[in-house]
Amino acid sequence: MLRSFRQKFRNWAFRRTVETGTVVLNQRRIYILPTRQGFAFAFVLVLMLLGDINYNLNLGYVLTFLLATTGGISMLHAFRNMAQIEIHAGQIEPVFAGETARFVFHFNNPGSLERHQIHLHDDDGHHVVFDLPAQSSTPVQFDIPAPQRGWLDSGRLTLHTEFPLGLFHAWSYIHFDVRCLVYPTPAAPQPLPAAATQDGSGKLPARGDEDFAGLRNYVAGDAMPRIAWKALAREQGLQVKQFSAYQGQELWLDWSQLPDIAPERKLELLTRWVLDADVQGLQYGLRLPGGDVMPQHNAAHRAECLRRLALFGGEE
Amino acid sequence: MKLNAPLTFGLIACILLVSAPHAEHLPLWISTVCVALLAWRAYLTWGGYPLPARWLLLSVTVACVLAIAVTFRTLFGREVGVALLILLSTLKLLELKAVRDATVLIYLSCFIIITNFFYSQSIPTAMFMLLTLLVIMATWVHMQTGTLALRPRLRIAIVLLLQAIPLSLIIFVLFPRVQGPLWGMPQDAYATSGLSDTMAPGSVSKLSLSDAVAFRVAFNDTVPLREQMYWRGPVLWDYDGMTWTRGNNATLRQPTLSDTSLPVDYTVTLEPHNKRWLFAMDMPAKISISAEMAPDFQLLSRRPVTARTRYDASSLLSYRASLEEPPQQLQRALTLPQGYNPQARRLAAEWRVQSDSPEALIRTALAYFNQQEFEYTLEPPPLGINGVDEFLFETKKGFCEHYAGSFVVLMRAAGIPARVVTGYQGGEFNELGGYFIIRQADAHAWAEVWLRERGWVRVDPTAAISPERIQNGLSSALPDNAALPFMARNPPEWLRSMRLNWDALSNQWNQWVLGYNTERQFAFLTRMGMEEITWQKMALNMLAGIALLVGVFTLVMLRRLAARRTDAVQAAWLKVCRKLEKAGLPRAPHEGPMDYAARIAAAHPDLAEDIYDIAARYASLRYGGEAEQDGLPAFKDAVRAFKL
């Protein structure tokens with residue numbers, strides 16, 4: 001109850017816009033409140049002040065005021081520890097469901113002052129602590145478990161520090177437009193579908209330019225000369241001419257050929273096969289209810305297949 | 001934020017530093033146990049051993065608390081509180097588990113520092129406090145900086161403290177002072193030293209071993225002679241054969257002074273002595289703080305003097321005191337216990353017969369002391385039941401209390417009303433500060449006799465035996481081998497002047513820092529030009545001062561963040577671009593240096609050589625990996641030389 005109220009308050013009080021590019025922590029983004037230790041310290045100071053008054057200890061006044069102003073000024077230091085840090089999100093490698101997504105944020109400290117003990121955490125308790133040396137950029141890896149296939153959003157992250165005395169909690173929210181692609185978990189090893197490897201050899205089909213094999217959808221990384229410009233002109237979309245020396249030896253990983261199991265299991269199985277086929281160096285294609293990926297063998301193709309599997313049935 | 005070994009060592013250092021000053025007054029066993037516990041903790045940390053079991057710690061704690069209860073016979077009061085606080089903090093170190101425990105220990109250390117101020121608030125104590133604070137801050141910062149090395153941590157701590165010092169100064173000056181105490185204080189709240197309200201053989205000579213300052217006096221204009229400086233303290237009337245006590249005055253009639261002349265005005269800064277009496281010179285006439293004047297010219301404060309107190313007073317050096325003394329009082333001043341000191345009584349009776357006036361009798365008595373080879377010494381032989389007889393006729397060795405006491409006994413036996421006055425005599429002049437220091441070693445006792453025409457007259461029998469004591473102080477009156485404190489003898493001149501300079505500094509510290517109370521605050525603020533001082537006004541000024549300083553700090557601190565390394569190469573290149581822009585050839589946003597140069601060269605063939613040179617240098621510095629220190633000066637020269 002209290003938690004949900006706090007959540008609501010936070011949503012109301014602090015903007016929740018998703019950001020792109022570089023974020024600079026300025027005074028409008030940094031919030032500061034005393035910590036529990038801060039309140040306890042204030043209580044100790046009040047006790048000391050009462051003692052000073054009662055016993056007329058002028059040196060006690062000096063000590064009390066010194067401690068109080070040190071505590072107060074530490075608020076400025078806490079703010080300074082966060083201020084003017086520049087943050088941008090880095091590239092994120094896709095992971096398989098069940099693994100840990102490694103978000104990377106680049107923290108640039110442009111000033112000549114080292115920043116100490118910055119904490120980065122999300123609302124679920126994942127947490128990383130780091131220092132930022134002066135005038136340098138530090139990549140910070142933030143790990144979030146990825147239990148499900150699809151897109152994994154980092155969500156809103158909190159950046160905080162209690163430097164230098166732990167009396168004040170300075171924090172800021174960052175919510176970058178970054179997400180991690182999570183592939184389905186590969187199923188337990190299974191033999192590749194037999195029908196596909198027609199010659200049974202499974203050897204690497206030598207790719208060549210000898211025979212025109214057909215067209216397939218363009219995948220990032222395809223060579224420019226191979227783009228079927230005529231097809232593009234015919235408004236068939238961006239397609240690539242395929243050539244193969246051994247046509248017909250390609251492997252089709254076909255959704256419809258799979259036994260009647262849960263869709264997620266099917267995706268897991270197909271993921272396993274994509275990986276295995278890639279390792280074995282086969283030309284393989286993927287046939288899903290939503291569309292086909294023409295057979296090929298390269299890293300980009302593998303990535304495209306896995307991507308289709310990851311986002312199957314969901315938004316792009 | 002982990003409890004690593006350096007953090008633990010830091011905490012041990014904190015507890016050690018804050019407890020160390022208490023070793024002076026705590027029972028030895030507590031100090032020993034604390035040091036042993038700290039050493040044990042350090043050993044465990046150093047070797048990486050586990051902390052002691054819970055039951056062991058618990059039994060040690062219970063044993064310590066019991067031992068404290070037995071030692072002090074109570075578990076309440078200030079001294080016990082300090083002892084408990086220190087022991088329990090030390091034990092807390094041994095069950096240090098989480099960072100939260102470390103925070104608690106830091107707060108406890110801050111609190112223990114303040115308890116030390118019950119005992120001392122001197123300049124060295126303040127210096128030590130700053131050192132301790134620095135160590136505490138460095139340890140505190142450690143909790144928030146993980147593995148940061150000691151040196152940068154110290155730097156952070158020093159910066160924090162340096163920023164806090166001017167801020168606290170503002171608050172110290174302007175924080176509205178409340179006159180304490182807010183609640184009743186335990187009996188042991190104040191240390192006591194100084195004169196008591198009884199006098200027995202040995203009670204004053206014991207004080208003369210103490211170097212401690214009793215009070216300081218600054219004279220406004222006329223400075224009386226040293227032999228006139230009798231600082232009046234408790235007046236003792238009642239004698240039981242051994243001890244002199246104040247007794248109860250038989251009348252509440254105010255004492256009177258007549259035929260007065262030679263007024264002297266001065267300011268006394270009295271060290272706390274936890275008794276009610278205030279000191280003023282014979283005879284006090286006026287005092288600036290609320291005090292009552294007892295019928296025997298004894299100034300009494302309303303409450304025991306528990307804090308350093310400053311007051312203005314004025315005295316009259318020439319006077320007739322209480323000519324109309326009531327008969328009950330005079331009767332008190334003649335009473336002697338029956339059956340003691342028969343020889344002295346007989347001697348007094350003889351004198352009474354021989355003398356034709358009380359003055360002559362007094363002269364006879366003083367001559368007796370002067371001519372019968374009496375000796376002035378700090379170590380008189382012990383006396384029996386008839387102490388005065390033994391002293392007068394056998395040992396003939398005594399200190400001022402012996403002389404004052406036996407003189408009053410003789411006077412009373414001879415029918416002259418007399419009483420003992422204790423206090424201080426003389427003082428040491430501090431030229432730097434322009435004031436007199438009166439130490440416990442200046443404690444003195446003298447007599448007063450009542451004469452019909454002259455009232456109470458001071459008679460100092462010590463002056464008859466040892467005039468040097470009155471004129472030059474104790475050290476000149478005693479042989480060199482007397483057991484005086486080192487400083488009360490005649491130290492070398494440089495040491496003496498150093499000591500006086502230090503005392504002058506301490507006096508300023510006492511007046512301005514420790515004595516900064518409501519009154520001083522008002523005086524100071526008025527002098528600073530503040531009018532109609534109210535606490536609201538002070539608070540407002542305080543906040544404004546703090547805001548101003550914090551604003552300055554903020555500017556300075558945040559400037560360092562924005563201070564990016566200026567890119568000299570870029571700056572020089574932009575200078576060229578600006579020059580060209582003024583000439584109507586701005587660089588397009590997409591243009592690289594070489595393209596731009598080519599375009600300029602095409603438009604202004606005369607500039608071609610220069611602009612190509614500059615662009616090439618720029619590209620080399622910027623993209624070619626040329627080190628700045630090699631190419632930058634030449635590049636800058638080229639830019640400077642570039643003219644349209």
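# Close-up views of a predicted two-chain model

**Figure 1. Helices α1 and α4 of chain B pair up in this predicted model.** The axes of helix α1 (residues 5–19) of chain B and helix α4 (residues 78–93) of chain B come within 10 Å and cross at roughly 170°. That crossing makes α1(B) roughly antiparallel to α4(B). From α1(B), the residues B:Leu11, B:Ile12, B:Ile15 and B:Ser19 meet B:Ile86, B:Ser89, B:Thr90 and B:Leu93 of α4(B). By class, the residues of this contact are five nonpolar, three polar and no charged.

Helices (H or I, at least four residues) and strands (E, at least two) are DSSP runs, numbered from the N terminus. Axes are lines fitted to C-alpha atoms, for helices over the stretch in contact, and angles run from 0 to 180 degrees between N-to-C directions. Angles under 35 degrees count as roughly parallel, over 145 as roughly antiparallel, 65 to 115 as roughly perpendicular and the rest as oblique. Two residues are in contact if their C-beta atoms, placed from the backbone, lie within 7 Å. Ala, Val, Leu, Ile, Met, Phe, Trp, Tyr, Cys and Pro count as nonpolar, Asp, Glu, Lys and Arg as charged, and the others, Gly among them, as polar.

As for bookkeeping, residues are numbered from 1 along each chain as its sequence is written, while chains are lettered from A and ligands numbered from 1 in the order in which they are written. Since the model is predicted, local features need pLDDT of at least 70 and side-chain atom pairs count only at pLDDT 80 or more, whereas totals for chains, interfaces and linings use all residues.

**Figure 2. Here chain B meets chain A.** On the chain B side, 51 residues are in contact with 41 residues of chain A. Five helices of chain B, α5 (99–116), α6 (123–145), α7 (150–174), α17 (493–514) and α19 (535–562), each supply at least two residues to this side. The top contributor is α6(B), with 10 residues. Sorted by class, the side of chain B that touches chain A has 38 nonpolar, 10 polar and three charged residues.

**Figure 3. Take a look along helix α5 of chain B.** Its 18 residues reach 26 Å from first C-alpha to last, close to the 26 Å expected at 1.5 Å a residue. (The expected span is 1.5 Å times one less than the number of residues.) Most of α5(B) is covered, with 13 of its 18 residues buried. A residue is buried if 20 or more other C-beta atoms lie within 10 Å of its own, exposed if 12 or fewer, and partly exposed in between, with C-beta atoms placed from the backbone.

**Figure 4. Helix α6 of chain A packs against its surroundings.** Buried residues in α6(A) are A:His301, A:Cys305, A:Leu306, A:Arg308, A:Leu309 and A:Ala310. They pack against β9 (150–153), β12 (179–183), α5 (263–280), β16 (284–288) and β17 (291–296) of chain A.

**Figure 5. Two cis peptide bonds turn up in loops.** Most residues other than glycine have a negative phi, and most peptide bonds are trans. In chain A, a cis bond joins A:Phe163 and A:Pro164, with omega about 0°. A:Pro164 sits in the loop between β10 (157–161) and β11 (168–174) of chain A. In chain B, the bond from B:Asp282 to B:Met283 is cis, with omega near -20°. B:Met283 lies in the loop between β7 (280–281) and β8 (284–287) of chain B.

**Figure 6. A:Gln135 and B:Glu373 have a positive phi.** A:Gln135 is not a glycine, yet its phi is about 45°. Its place is the loop between β7 (127–132) and β8 (136–145) of chain A, and A:Gln135 counts as partly exposed, with 15 C-beta neighbours inside 10 Å. B:Glu373, also not a glycine, has a phi of about 55°. This residue lies in the loop between α11 (358–371) and β12 (375–376) of chain B. B:Glu373 is exposed, with 9 other C-beta atoms within 10 Å.

**Figure 7. B:Trp450 is buried in a strand of chain B.** The strand is β17 (residues 443–451), and B:Trp450 has 22 other C-beta atoms within 10 Å. Leaving out residues up to four places away in sequence, B:Trp450 touches B:Glu325, B:Leu330, B:Ala333, B:Pro417, B:Gly455 and B:Trp456.
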